[in-house]
Amino acid sequence: MKLLRGFDSLEPYRGGYLSIGNFDGVHRGHQQMFACLVRHAREHNVPSCVFTFEPHPIQLLRPEQVPPALTSLEQKAELIESCGVDCLVVYPTDLRLLNLSPEEFFQAVVLGEFNAIGMVEGPNFFFGRNRSGTIAQLTDLCTAADIELDVVPPVFVGTQMVSSSVIRSLLIDGEVEEAGDLLGHRYRIAGRVIRGAERGRTIGFPTANLGQIVTVLPLDGVYSGIAIHDGKSWPAAINLGPNPTFGERRRKLEVHLIGFEGNLYDQPMQLEFVSRLRDTQEFPDLPALKVQLKQDIQKALAVV
């Protein structure tokens, strides 16, 4: 997949099928859209393109209301590429584009930049100034321009409609398995290993402290997971939150990579959440904590 920052070098990808949106999380609904997009493009032997904004338009318009992201740009690009899309255009969000009316946006972007012959969107797609353009208006614009428009219906898992906001809420409640069901993949974060108290090593349970995380963190507690570093994976026991047994109230993310030996300081790491094992607890003494940590590790190994 070709990743472009803006419209420079877009020429080889003009004249194809286009999807526009934020696509945070690249969840099952997005995946269904991209499958439709790629299918149409291949049937017509033209490129499949996705157009997104970075940062989120709300960052410029109402920064105090910006929702925490489910994916970094790098993660989003990786997930979109896995769907078979040919080109991802990431537009550096600016007020000039945000101030275009729906008609102006359609003329400038859909026709002018992409020269699209078809579009694929979801039913809740909005575009143009103040998100005033609707699917009904897009349908009219596409009809007038002789552009095919495929509106992909929402995806449901059971009775729950898949959406980024629902997934975000599930994660904040610690429901990582349910969030993964709606995402269609385990929830994954990325960060860098930072200095911690190094207490875990002294008590026989070395941990990597993960920092520089830009996406949503689940509810405090202990989780099973998969740690990914340098192309390799390890089962992991994850502690997210304070450490009340040692009088620490600061929220942090500590990862015990089961079976790993070595130094990870200042190195990048990704972390997949598999299931929530328990709440954060305060233990009466170190021996009680060590007993619980052994149980956490056994449970983590049993479910990953």
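How many nonpolar, polar and charged residues does the lining of the largest pocket have? Point 5 returns to this; the preceding points set out the architecture.

1. Overall architecture. This is a predicted model. The protein has 10 helices and 14 strands, and its C-alpha trace spans about 75 × 40 × 35 Å along the principal axes. Of the 304 residues, 48% are buried. Among contacts with a separation of 6 or more, 73% are between residues 24 or more positions apart.

2. The open sheet. Six strands, in the order β1-β4-β3-β2-β5-β6, form an open sheet with parallel pairing. Its edge strands, β1 (2–5) and β6 (148–151), each pair on one side only. On average, neighbouring strands in this sheet are turned by 20° against each other, direction ignored. Within the sheet, β3 (residues 48–54) and β4 (residues 87–92) run parallel and are joined by six bridges; Cys 49 has Cys 87 in β4 as its bridge partner. Helix α1 lies across β2, β3, β5 (118–121) and β6, and runs at about 165° to β2.

3. The barrel. A further group of six strands closes into a barrel, in the order β9-β10-β13-β12-β11-β14, with antiparallel pairing. From one strand to the next the twist averages 45°. Strands β9 (residues 187–194) and β14 (residues 268–278) pair over six bridges in the antiparallel sense, and Gly 191 stands opposite Met 269 in β14. Helix α8 (residues 176–183) packs on the sheet, where α8 touches β9, β11 (221–229) and β14; the direction of α8 makes about 120° with that of β14.

4. Strand β11. Strand β11 is joined to β12 (residues 232–243) by nine antiparallel bridges, with Ile 228 opposite Ser 233 in β12. The hairpin of β11 and β12 has two residues between the strands, and Asp 230 in this hairpin takes a positive phi near 55°. Strand β11 also runs antiparallel to β14, with seven bridges between them; here Ala 227 has Leu 271 in β14 as its bridge partner.

5. The largest pocket. The volume of the largest pocket is about 1200 Å³. Its lining consists of 40 residues, and those nearest the centre are Gly 21, Asn 22, Asn 124, Phe 125 and Arg 131. The elements giving two or more residues to this lining are α1 (28–44), α2 (57–61), α4 (95–98) and α7 (164–172). In answer to the opening question, the lining has 21 nonpolar, 13 polar and six charged residues.

6. His 27. Is this residue buried or exposed? His 27 lies in the loop between β2 (17–20) and α1. Its relative accessible area is 5%, so His 27 is buried, the cut-off for that class being under 20%. Leaving aside residues up to four places away in sequence, His 27 touches Val 162, Ser 163, Ser 164, Ile 167, Leu 182 and Leu 183.

Technical notes: Residues numbered from 1 in each chain as written. Predicted model: local features only at pLDDT ≥ 70, side-chain atom pairs only at ≥ 80, totals over all residues. Heavy atoms only, no water. Pairing = 2+ DSSP bridges. Helix = DSSP H or I, 4+ residues; strand = E, 2+ residues; numbered from the N terminus. Axes fitted to C-alpha atoms, helices over the stretch in contact; angles between N-to-C directions. Contact = heavy atoms within 4.5 Å. 1 Å grid on protein atoms, 1.4 Å probe; cavity = no way out; pocket = protein on both sides within 12 Å on 5 of 7 lines; lining within 4 Å. Points joined across faces, edges and corners; volume = space filled by probe spheres on them. Nonpolar A, V, L, I, M, F, W, Y, C, P; charged D, E, K, R; others polar. Buried < 20%, exposed > 50% of the residue type's maximum accessible area, 1.4 Å probe, protein only.
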